[in-house]
Amino acid sequence: MNKKEMLNDIIKSNDEMLRHFTASSNALLQSVQDHQTELFEINIKLDELYRTKSVYSTPSSSRKNVFSPIIKQTDQDEKENELNTQIDDLKLVKETLEAKIAEEEREIFVISEKLASLTSAKKAINNLGTFLDKYADDDEEEGFEFVEEDPEISEAAKHGTNILMLDAYDDTYNATILDSKVKADITSDIHRLDILSYLITSDPERARLTTTEISGHLKNTTAVINSLLNRMNYKLDIDQPIGVILDDFVTHSRDSHPECVLDSDIKCSDYDKKLSYEKSLAIVRLLKIAFDNIYKHANASKISLRVSITDEAAEVQISDNGKGIERSYMRKSPWYSSLHRAHELIYLLDGTLNIKGTKKEGTTFSFRFPVK
């Protein structure tokens, strides 16, 4: 089997998995929508039963006096008991539907992550196919037979492919979150607003609770949007001097993670010095990678940040007292992990990166690159 046939098999397999998970996702989305419609109808029925029940409720004895006639309550009690049974049954159905919706939404999120990885892989495979086609065409024009050995790919080409794949992964990740979380939450809130318009006149108390639910959902949606904006460095002002950028980063880190003591020492030959756009952005991205890994995985209580910016180079060292890092982290972590991204960023800057750690001493993340 030659390279082209092997590549076609990979493409076919990847496409089949994409179709499978896309179909599964669509089916789950439709199921969630159907269950939400059922839930809406059940809420309406419950509201009607509660109002009917209020008609048959036994009058309070406080409303009677010695002249009140004696009324048989048998039929009234029987009707009220029947209504209570219907209400309890509908409540049980409602709880079951809500549990199904929650479970299906969790499954949709898991599938969305798989789709993101498969979509990124598809883009990488297509790039590889274009590469093979190019070399095959060149060989045919010059009268050479296509050799069944891997063509030598330069180091720059390998890193270039990795960077393109990481960019594709970022685009797919952001699109997936926007579609599966932000868009889904907005759709859910639209549905709740439909219910609210009905409840305002029929059940003011329930309308108040629904308003609270919508408010909570909108806050969560805003948090997701802010997370995406932060991931895309939307609010980062790179035109500032590098000293100001670094101070702002330290302040934000301390405010957002007060549980972890951050000791910083930032030295700039000129505090007002501005680096090029790509180098300022790279420093911030590398710092984020290091600090995010510490906050998420290291279980550290102390961080030491040492930065030196001169006219010649930028040198950064981040140390923590956490649980350290395995030497095989590059092999064990997925290709789209932040640590792989750090190595590609350093390559672009023609710099060096060193990550080492032990269980006793924690992890040290250090990098250096020229600023000229």
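Start with helices H6 and H8, which cross with a left-handed sense. The model on screen is predicted.

**Stop 1: H6 and H8**

Select residues 338-348 for H8 and display H6 with it; the two axes come within 10 Å and cross at roughly 155°. Angles over 145 degrees count as roughly antiparallel, so H6 is roughly antiparallel to H8. To see the contact, show side chains on both helices. On H6, pick Arg285, Leu286, Ile289 and Asn293. On H8, pick Ser338, Leu339, Arg341, Ala342, Leu345 and Ile346. Coloured by class, this contact of H6 with H8 shows 6 nonpolar, 2 polar and 2 charged residues.

**Stop 2: H5 and H6**

The crossing of H5 and H6 is right-handed, whereas that of H6 and H8 is left-handed.

For the contact, select Ile242, Ile245, Leu246, Phe249 and Ser253 on H5. The H6 side consists of Ser280, Ile283, Val284, Leu287, Lys288, Phe291 and Tyr295. By class, the contact of H5 with H6 has 9 nonpolar, 2 polar and 1 charged residues.

**Stop 3: the second largest pocket**

Centre the view on Val32, Gln36, Glu105, Ala184 and Ser188, which are the closest to the pocket centre among its 37 lining residues.

Next, show the helices around the second largest pocket. The elements that give two or more residues to its lining are H1 (3-56), H2 (74-141), H3 (155-202) and H4 (204-231). Which of them gives the most to the lining? Select H3: this helix gives the most, with 14 residues.

Finally, colour the lining of the second largest pocket by class. The residues divide into 13 nonpolar, 14 polar and 10 charged.

How values were computed: Residues are numbered from 1 along each chain as its sequence is written. This is a predicted model: local features need pLDDT of at least 70, side-chain atom pairs count only at pLDDT 80 or more; totals for chains, interfaces and linings use all residues. Side-chain values use heavy atoms; hydrogens and water are left out. On a 1 Å grid over the protein atoms alone, a cavity is a set of points where a 1.4 Å probe fits but cannot get out, and a pocket is an open set with protein on both sides within 12 Å along at least five of seven lines; lining residues have an atom within 4 Å of a point. Helices (H or I, at least four residues) and strands (E, at least two) are DSSP runs, numbered from the N terminus. Ala, Val, Leu, Ile, Met, Phe, Trp, Tyr, Cys and Pro count as nonpolar, Asp, Glu, Lys and Arg as charged, and the others, Gly among them, as polar. A crossing is left-handed if the near helix is turned anticlockwise from the far one by less than a right angle, and right-handed if clockwise. Contact means heavy atoms within 4.5 Å. Axes are lines fitted to C-alpha atoms, for helices over the stretch in contact, and angles run from 0 to 180 degrees between N-to-C directions. Angles under 35 degrees count as roughly parallel, over 145 as roughly antiparallel, 65 to 115 as roughly perpendicular and the rest as oblique.
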